[in-house]
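Visitor: I would like to learn how to read a metal site and the strands around it. Could you take me through one example?

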Amino acid sequence: MHPHALNLPQGRMLPGAVGHNRGVVRPNYAFLPPEGVLKSRLPHYEATAARFLAAPALGARFAQFVLEIEPGGGTRAPTAEPGIQQFHYVLSGSVVAQVGDSAAAELTAGGFLYAPPGVPVSLRNQGSRQARVLGLRKRYESIGLPPPQPILSHQDQVPRTNHTGLEGRGFQHLLPFGDLAFDFEMNLMWFAPGTFFPAIETHIMEHGLYMLHGQGLYLLGTEWHEIWAEDFIWMGAYCPQQFYPTGPDEAAYLLYKDVNRDVA
Ligand code: UGY
Ligand code: MN
């Protein structure tokens with residue numbers, strides 16, 4: 001439809017009706033630009049908005065969300081749910097965090113925590129500006145091992161590795177890599193301009209991808225999507241995937257991946 005046909009005041013456009021919507025939801029993946037993901041409130045948080053990204057309603061077997069915590073806000077009391085693991089990663093601002101009876105620690109951008117199933121988490125914004133925190137909840141799949149211990153750390157404490165032999169790739173495994181007690185990974189994936197995966201991946205693991213830096217082109221199924229910082233992608237099992245950074249600088253995203261468990 002031509003914009004004039006809408007009879008809008010001059011200079012006003014109806015987003016989506018005459019523009020391009022980058023958002024896509026398919027049975028096996030979803031691409032969610034941030035502007036379309038609306039706010040909700042949660043009873044166990046005060047002065048906090050939640051923007052849900054991945055959820056069982058989408059087809060995901062985990063939940064992922066951004067918390068916008070105002071100064072003085074956060075969890076009303078430490079929160080836990082039997083059988084549910086929690087992971088939080090600070091995007092901006094800072095929070096004072098506690099997992100179980102660990103010492104309280106201030107987490108700034110790049111700080112993260114892991115709470116084993118049923119272990120309570122406290123997140124409080126004691127700063128003077130909004131804190132943005134990426135959260136994840138996943139039901140723990142127990143095996144004959146004790147569940148993992150709580151973690152409070154920062155990405156700067158995590159080595160950057162590259163097992164690919166391809167120059168310009170980087171991996172930071174925020175959770176202990178190869179520890180079979182964990183049933184998921186949270187990895188920072190770095191891409192210098194000109195890099196990409198060695199092959200189009202088509203694997204059983206699901207992903208929740210939050211774009212942190214730079215930009216690129218993401219293949220999902222058979223379609224390419226332009227991706228920018230703050231975009232989110234859910235990839236279901238066996239979703240074909242590939243990535244090319246397209247900006248002048250390194251691109252990076254935080255990637256959830258379910259691992260280490262058998263299937264039947
Ligand atoms: O480890 C992975 O599955 C990763 N290479 N996938 C991705 O970044 N989409
Ligand atoms: Mn993958």
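Visitor: What spacing do the donors of the manganese ion (ligand 2) follow along the chain?

Guide: Bear in mind that this is a predicted model. The donors of the manganese ion (ligand 2) follow the spacing E-x1-H-x3-H-x33-Q, and the residues concerned are Glu-201 (OE), His-203 (NE2), His-207 (NE2) and Gln-241 (OE1), which coordinate the ion at 2.1 to 2.4 Å.

Visitor: Which geometry does the site of the manganese ion (ligand 2) have, judging by the angles among its donor atoms?

Guide: In general, the ideal angles for six octahedral donors are 90 or 180 degrees. Here the 6 donor atoms make angles of 76 to 176 degrees, and the site of the manganese ion (ligand 2) is octahedral.

Visitor: Is Gln-241 buried or exposed?

Guide: Buried means under 20% relative accessible area. Gln-241 counts as buried because its relative accessibility is 1%, while Glu-201, at 27%, counts as partly exposed.

Visitor: Which strand pairs with strand 18, and in what sense?

Guide: Strand 15 pairs with strand 18 in the antiparallel sense over 5 bridges, and within this pairing Tyr-218 has Phe-243 as its bridge partner. Strand 15 (residues 215-220) also pairs with strand 16 (residues 223-228), again in the antiparallel sense, over 6 bridges, with Leu-220 opposite Glu-223. Strands 15 and 16 form a hairpin with 2 residues between them, and Gly-221 in the turn has a positive phi of about 65 degrees.

Technical notes. Residues numbered from 1 in each chain as written. Chains lettered and ligands numbered in written order. Predicted model: local features only at pLDDT ≥ 70, side-chain atom pairs only at ≥ 80, totals over all residues. Heavy atoms only, no water. Donors = N, O, S within 2.8 Å, 3.2 Å for Na, K, Ca; no water. Tetrahedral: all angles 85-135°; square planar, octahedral: opposite > 155°, others 65-115°. Buried < 20%, exposed > 50% of the residue type's maximum accessible area, 1.4 Å probe, protein only. Pairing = 2+ DSSP bridges. Helix = DSSP H or I, 4+ residues; strand = E, 2+ residues; numbered from the N terminus.
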